[in-house]
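Please examine the sequence and the structure shown here before reading the report. The text moves from the whole chain to single residues.

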Amino acid sequence: MSDHTTQEFPPDPAFTEQAVGQAELFAQADADPEGFWADQARRYVTWSKDFTEVLDWSNAPFARWFADGELNVAHNCVDRHVEAGHGERVAIHFEGAEGDTQTITYAELQRRVCQAANALTELGVATGDRVAIYLPMIPEAIVSMLACARLGAPHSVVFGGFSADAIRSRVADAEARVVITADGQHRKGKVAPLKAAVDQAVSGEDSPVEHVLVVRRTGGDVDWSDKDVWWHDLVDRQSDRHEAQPMPAEHPLYILYTSGTTGKPKGILHTSGGYLTQAAYTNAVVHDVHPESDVYWCTADIGWVTGHSYLVYGPLANGATQVVYEGTPDHPHQGRWWEIIQKYGVTILYTAPTAIRTCMKWGAEIPAKYDLSSLRVLGSVGEPINPEAWLWYRKNIGGDRCPIVDTWWQTETGAIMISPLPGVTSLEPGSAQRPIPGISAEILDDAGEPFTEAEKVGYLVLTKPWPSMLRGLWGDPERYKDTYWSRFGDKYYFAGDGAKYDDKGNIWLLGRVDDVMNVSGHRLSTAEIESALVSHPSVAEAAVVGAADDTTGQAVCAFVILREGAEQSDSTVEELRSHVAKEISPIAKPKSVMIVSELPKTRSGKIMRRLLKDVAEGREIGDATTLTDASVMDFIKQGMSQR
Ligand code: 6R9
């Protein structure tokens, strides 16, 4: 790899001095893991009834954390801050897609959540009932989630870009009684329908849905049925007082569906006490949130787990002030995000590598026009962040001064697991580095043996239960065991990611193991080849897949997006192929490099390599329902057939 990957960034002593996450945490967690988590649970969560037992692992792999304790999650995220005298602190600076804004204090949030909880109660929602939420990124989305949490009615948020089929199957699996949606949503200056998909999804005799609660967001025309009720008719007339009842720590908080590689989506189940503990603790020690002074911004959609843990539960449990943005980064112009940072004085930014690479493509002169000097911590999540993008982020957004936390975790883990602590860790661009205090991970070889050798590729596993771990898959305990606890026996949680150590013991994530290729008997990681491509000055973004090949078993096929101004020519393609050969090895040299203008991505920014593989192998394209923009695949297919 090129030299810059060995560059290290030690923490600034002034940062360390004020950091929430201090080095002692590692020693405390190592000495007494359960005692450590008990401390975090009491520090970050207010319990209506204290717990006496920390972890019950007697029915492994089904964990129970703080099981005899009781709490109300919404009380923790809202009311207790008002009770502590912070009612006038801003909880949410809402920035709408069309430039409309709202400033919501904790006291105001409390009133809105109480009204929504009373409204859901009027619709017959009781503790244990499931509620589906299909909303854009508007305050009502957060209010709805918290109202459900307040009632102990598990929510199932369905991303607003998904189809009627996706809603129908999720609603059916969770047997949701109520769906909360909006008439439509704003998208790049246009109005897109939203309720129409719900209408389709809840039609028919067999639908479990009794009521659809509809927020008026765009004012567009909608069809209306007996099930429908307007939010402003029902919620606005409710009392803004509501007594939150304590729930047992293991009461289900939410179900979030995540696509499996095969078969139907998995309903990941999270519960209350352990989840909230780890979401709040990691938000404090990893993002270094100081609620009294920071302005935090997580750009994730609430339809993704990152939106659940780091836009709703973590920052609100900590009483932080945050920005919530409804729109896209490029509407009405490509400097929109940086304008928002300047406007609110954002101090902590948490986003995804795909967004950073897109901004790289647009060019550094765009963020350079804005005052980003308020920023002090940057975060990354969702995919490996290649060293090139990491360095670009640090220089052009972080002013060469902000630490970057590259946070590895999953819907299943509920909260951050592997990440630097910004005041403690010497940063290594491109690596998520070490498990955070309280978490234990290893890398195993094919035989299931742990190893520590550098540069050898293996499988990432977690070796101890953690508070925010999934409690199972909704309605399918066997699939939970098979998927996560059988590949290497029942002692290891198998994350599904490839990983390696470097010679300093840092962990490098190498992508999903299904994405590892075998070329002439050599195991190559898609993430590494993609990183090599992005390290070339002409390349903004790259996706690599292994396509079946008669001679080599699999052949490396690359799809690249060029940076603004780079020349689209055969010589560029040749240069990129040689560049990979030089950076990694001649074996990794792509057989083909296709220049494209977009890559197929999910809303959380993950490249759907499965679809590119279909193209590369000349097959019909498989299920593309979770793509943000399905037309992307048509362009790529066309380009391929012209070759
Ligand atoms: C939070 C989230 C989980 C998968 C995970 C891994 C990839 C996430 C990463 C990362 C490398 C990081 N992933 N963060 N890979 N470095 N910092 O993304 O949850 O949508 O369930 O995806 O995302 O492959 O296994 P989810």
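**Overall form**

The model is predicted. Its domain assignment gives domain 1, made up of 3-82 + 100-279 + 400-444, and domain 2, covering 518-641. Taken over C-alpha atoms, the centres of domain 1 and domain 2 are separated by 34 Å. The secondary structure of the protein comprises 19 helices and 29 strands.

Along its principal axes, the C-alpha trace extends over about 70 × 60 × 50 Å. The radius of gyration is 24 Å, which agrees with the value near 26 Å that a compact globule of 643 residues would have. Of the 643 residues, 63% count as buried. Among contacts between residues at least 6 apart in sequence, 69% join residues that are at least 24 apart.

The accessible surface amounts to about 23900 Å², and 47% of that surface belongs to carbon and sulfur atoms. As for charge, the protein has 59 positive and 89 negative side chains. The centres of these two sets lie 1 Å apart.

**Backbone features**

Most residues other than glycine have a negative phi, and most peptide bonds are trans.

P61 sits in the loop between strand 1 (55-56) and strand 2 (64-65). P332 belongs to the loop that runs between strand 17 (321-325) and helix 12 (336-344).

Is D288 buried or exposed? Its relative accessibility is 0%, so D288 counts as buried, the cut-off being under 20%.

With a relative accessibility of 49%, E455 counts as partly exposed.

**Individual residues**

| Residue | Relative accessibility | Class |
|---|---|---|
| L462 | 1% | buried |
| V229 | 17% | buried |
| V457 | 25% | partly exposed |
| R512 | 37% | partly exposed |

L462 is part of strand 22 (residues 458-462). Although L462 and E442 are 20 residues apart in sequence, their C-alpha atoms are 6.4 Å apart in space. Leaving aside neighbours within four places in sequence, L462 is in contact with W408, T413, M417, I439, S440, A441, K491, Y492 and Y493. L462 is buried, with a relative accessible area of 1%.

The C-alpha atoms of V457 and Y501 are 8.1 Å apart, while the two residues are 44 residues apart along the chain. Apart from neighbours within four places in sequence, the contacts of V457 are F451, A499, K500, L510 and R523.

V229 is located in strand 12 (residues 228-230). Between V229 and L213, which are 16 residues apart in sequence, the C-alpha to C-alpha distance is 5.1 Å. Why does V229 count as buried? Its relative accessible area is 17%, and buried means under 20%, so V229 falls within that class.

R512 is found in strand 24 (residues 507-512). Not counting residues up to four places away in sequence, R512 touches Q410, A495, G496, D497 and G498. The C-alpha atoms of R512 and V286 are separated by 24 Å, and these residues are 226 residues apart along the chain. R512 counts as partly exposed because its relative accessibility is 37%, and that class lies between the 20% and 50% cut-offs.

Terms used
Residues are numbered from 1 along each chain as its sequence is written. This is a predicted model: local features need pLDDT of at least 70, side-chain atom pairs count only at pLDDT 80 or more; totals for chains, interfaces and linings use all residues. Side-chain values use heavy atoms; hydrogens and water are left out. Domain bounds come from an automatic or database domain assignment. Helices (H or I, at least four residues) and strands (E, at least two) are DSSP runs, numbered from the N terminus. The radius of gyration is taken over C-alpha atoms; the globule rule is 2.2 Å times the number of residues to the power 0.38. Buried means under 20% relative accessible area, exposed over 50%, partly exposed in between (1.4 Å probe, protein chains only). Contact means heavy atoms within 4.5 Å. Accessible areas come from the Shrake-Rupley method with a 1.4 Å probe; for residues, only the protein chains shown count as cover. Lys and Arg count as positive and Asp and Glu as negative; His and the chain ends are not counted. The place of a charge is taken as NZ of Lys, CZ of Arg, CG of Asp or CD of Glu.
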